[in-house]
Amino acid sequence: KNSNSCSADPRMVQALQCLVQKSGNALRITEAYPPDDDHESRCHYDGCCVDATILSLNDCSQVQAVKSAEAACGASILNEYLGCCGSTTQFRTGDHLHIRGC
């Protein structure tokens, strides 16, 4: 979102690289560390979580492809794409994946 929110824990970076490789989807980080907005999950405050969107999202199968790779990549993903059976959280700001990598 801005130049101050541009880092993550190295384990988080590895999980993201794995998710991209295994799912075949490009991800755009919309919130890294330090966060710009309030978050329900405290892992946003130590670089172990990021929010990301899927570039060129065409349908919900792409969301499922990223979710399917989470265990193999050592990640935990909360789907916040409401149109794709996603959940909502207290501070939700739009459709995205909340990804925890450490």
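Trainee: Before I dig in, what should I know about the model and its numbering?

Mentor: It's a predicted model, where local features need pLDDT of at least 70 and side-chain atom pairs count only at pLDDT 80 or more, while totals for chains, interfaces and linings use all residues. Residues are numbered from 1 along each chain as its sequence is written, and side-chain values use heavy atoms, with hydrogens and water left out.

Trainee: OK, disulfides then. How many turn up in the whole structure?

Mentor: The search finds 4, a disulfide being a pair of cysteine sulfur atoms within 2.5 Å. Counting bonded cysteines along the chain, the pattern is 1-6, 2-4, 3-8, 5-7.

Trainee: Let's go one by one. What does Cys18 pair with?

Mentor: Cys73, with an S to S distance of 2.1 Å. That pair links distant parts of the chain, 55 residues apart: Cys18 is in helix H1, and Cys73 is in the loop between helix H2 (60–68) and strand S3 (76–79). Helices (H or I, at least four residues) and strands (E, at least two) are DSSP runs, numbered from the N terminus.

Trainee: Which hand does the Cys18 and Cys73 disulfide have, and why?

Mentor: Left-handed, because the torsion about the S-S bond is about -75°. Both Cys18 and Cys73 are buried; buried means under 20% relative accessible area, exposed means over 50%, and partly exposed is in between (1.4 Å probe, protein chains only).

Trainee: And how far apart are the sulfur atoms of Cys43 and Cys49?

Mentor: They sit 1.7 Å apart in the model, and the two form a disulfide. The torsion there is about -80°, so that disulfide is left-handed. Cys43 is buried at 3% relative accessible area, and Cys49 is buried at 1%.

Trainee: What about Cys48, where's its partner?

Mentor: Cys48 bonds with Cys102, sulfur to sulfur 2.0 Å. The torsion about that S-S bond is about -110°, so you have a left-handed disulfide. Cys48 lies in the loop between S1 and S2 and Cys102 in the segment after strand S4 (97–100), so the pair ties together parts that are 54 residues apart in sequence.

Trainee: Are Cys48 and Cys102 buried or partly exposed?

Mentor: One of each. Cys48 counts as buried at 5% relative accessibility, whereas Cys102 is partly exposed at 24%.

Trainee: Switching topic: what's Ser23 up to?

Mentor: Ser23 is in helix H1 (residues 10–23) and counts as buried at 14% relative accessibility. A polar atom of the Ser23 side chain lies 2.7 Å from the backbone oxygen of Leu19, and one lies 3.2 Å from the backbone nitrogen of Asn25.

Trainee: What does Ser23 touch, not counting residues up to four places away in sequence?

Mentor: Ala65 and Val66, where contact means heavy atoms within 4.5 Å.

Trainee: Tell me about Val66, then.

Mentor: Val66 is found in helix H2 and is buried, with a relative accessible area of 1%. Beyond four places in sequence, Val66 touches Leu19, Ser23, Asn25, Leu27, Ile54, Ile77 and Leu97. As for Asn25, its C-alpha is 7.4 Å from that of Val66, though the two are 41 residues apart along the chain.

Trainee: And Thr53, which element holds it?

Mentor: Strand S2. Thr53 is buried too, at 11% relative accessible area. Leaving aside neighbours within four places in sequence, Thr53 is in contact with several residues, among them Leu27, Tyr81, Asp95 and His96.

Trainee: Last one: which residues lie nearest the centre of the largest pocket?

Mentor: His39, Asp51, Glu80, Phe91 and His96, out of 21 lining residues. On a 1 Å grid over the protein atoms alone, a pocket is an open set of points where a 1.4 Å probe fits, with protein on both sides within 12 Å along at least five of seven lines; lining residues have an atom within 4 Å of a point.

Methods: Polar contact = N/O pair within 3.5 Å; in protein donor to acceptor, adjacent residues only side chain to side chain.
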